Amino acid sequence: MDNRGTFGSRFTATMAMAGSAIGLGNIWRFPYIAGKYGGGAFIIVYLLSAVFICVPIFLSESIIGKSTRLGTFGAMRTLAPGSRWKWLGLITVITPLIILSYYSVVGGWSVEYLFKAVAQAFGTGAAGAAAASVAGAAGAAERAEFASFISSTWKPIIAHSIFLLANALVVLGGVKKGIEKFTKITTPVLFVLIVVIMFYAISLPGAQAGINYLVDADFSKLTAEGVLSAMGQAFFSLSLGVGTILTYASYMRKEDSILATGCFTAGFDLIFAMIAGFAIMPAVFAAGIEPGAGPGLIFETLPYIFTVMGEQSPVLSGCVSILFFLTILFAALTSSISMLEVGVSYLVDEKNWSRGKAILIVCTGCWLLGILCSLSFGPLSGVNIMGNSIFDFCDKLASNFLMVLGSLLFVLFAGWKMKKSILADEIAPDGSSSVKITLFKILYFLIRYVAPLAIIVIFITNLLM
Ligand code: PHE
């Protein structure tokens with residue numbers, strides 16, 4: 001079991017988990033949906049769901065992994081021998097690999113845009129120039145260029161392959177020399193980069209409107225849909241229900257506290273999302289553009305802002321755009337390696353495969369599915385699965401369905417199947433203060449009743465919507 005590897009300290013374990021949590025979800029979804037559903041009001045709901053639902057899921061998931069020092073399948077087999085739980089656990093090995101396939105396509109886009117930033121070539125391609133001369137509307141060239149890039153056949157596939165290869169190289173190094181070494185540097189760097197960009201963005205004239213968009217608490221905008229979005233966003237953002245937290249926790253040292261790591265990860269993730277909002281929205285408002293979510297925000301709106309900025313100050317625009325796409329790339333990478341590790345650790349633990357062989361097989365599978373996802377923006381755009389393109393289908397299947405199911409599985413397992421003493425040992429071991437014991441009682445109640453009920457509500461609503 002020792003050859004599985006261990007994170008060297010609580011700090012590095014936390015950086016790896018925070019790196020998994022901080023990703024594209026923080027950068028392209030949070031700022032937009034927070035503003036859309038009432039800014040500060042949305043953030044309050046987000047905070048409440050993080051504390052009352054996500055932290056209990058996080059703890060359940062990580063204690064299952066940490067107490068057994070095994071991945072999802074092996075952990076459930078060990079904790080509930082002879083039961084069928086392990087097969088349910090297998091679902092959570094498959095989910096992150098589906099996510100990795102399409103996430104890696106977007107990771108590839110950020111590779112391409114980092115190159116563009118270095119070459120200062122936003123909105124200057126043939127498609128972009130033509131659109132700019134015809135439409136003349138703000139950002140038309142950048143929109144046309146992005147559309148033409150993602151719908152082409154080879155370029156996005158090559159970028160997707162480069163991104164996946166980078167993942168393979170990091171994970172090949174193992175837990176200590178690969179994942180730990182990479183995330184203990186990139187996660188703090190990511191934070192510094194986004195803070196630098198934020199300071200720049202809030203210094204722009206007209207930035208105040210963007211700040212207001214994000215923080216003004218408008219409860220009238222907080223609809224039922226907004227409340228559900230806040231919960232869903234908290235799930236996705238904290239990488240819950242897909243076995244990544246479980247797998248990373250299985251590499252923690254026995255003496256490192258799960259509670260501290262969990263609270264820090266959740267806090268860091270939210271702070272990062274807020275800073276990303278302050279880095280992006282002021283720039284969007286300063287440029288007089290309507291904010292949007294998803295790929296459009298980072299691959300169309302911001303390149304347009306960089307183009308405009310470049311007309312006044314090419315050097316500044318060059319530096320900020322390179323920093324920005326580097327941030328996106330690092331954020332995506334620290335998340336995607338955690339997805340890859342789930343599949344790899346399963347094959348290494350359960351099938352006794354070497355890391356290299358496991359990575360090769362998992363990456364090949366994700367590469368092929370990713371190619372289909374990439375082509376679904378172009379040559380395969382006609383392929384329709386239940387009303388969705390291949391890319392959207394994978395995204396919806398994973399984030400609206402499998403992630404929620406996985407989270408439910410973990411809290412039910414921890415709350416109703418696992419021995420209570422295993423949870424107590426982690427949170428309030430024998431001899432703990434009465435405060436810790438009370439805290440454990442509250443958390444146990446949340447794990448057993450509150451979190452499962454809330455997850456079931458989200459699940460049913462997702463199915464009906
Ligand atoms: N939390 C990541 C993000 O915000 C996404 C992710 C999902 C990472 C599932 C790992 C597992 O982008």
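What follows is a short talk about the fold, the surface and one lysine.

Modeller: This is a predicted model, in which local features need pLDDT of at least 70 and side-chain atom pairs count only at pLDDT 80 or more, while totals for chains, interfaces and linings use all residues. Residues are numbered from 1 along each chain as its sequence is written, and side-chain values use heavy atoms, with hydrogens and water left out.

Biologist: How many helices and strands does the protein have?
Modeller: The protein has 19 helices and zero strands, counted as DSSP runs numbered from the N terminus (H or I, at least four residues, for helices; E, at least two, for strands).

Biologist: And how much of the protein is buried?
Modeller: Of its 465 residues, 59% count as buried, where buried means under 20% relative accessible area, exposed over 50% and partly exposed in between, with a 1.4 Å probe and protein chains only.

Biologist: What share of the contacts joins residues at least 24 apart?
Modeller: That share is 82% among contacts between residues at least 6 apart in sequence, a contact being heavy atoms within 4.5 Å.

Biologist: Switching topic, where is Lys116 found?
Modeller: Lys116 sits in helix 5, which covers residues 85–119.

Biologist: Is Lys116 buried or exposed?
Modeller: Lys116 is buried, because its relative accessible area is 12%.

Biologist: Which residues does Lys116 touch?
Modeller: Leaving aside residues up to four places away in sequence, Lys116 touches Ala121, Phe122 and Glu145.
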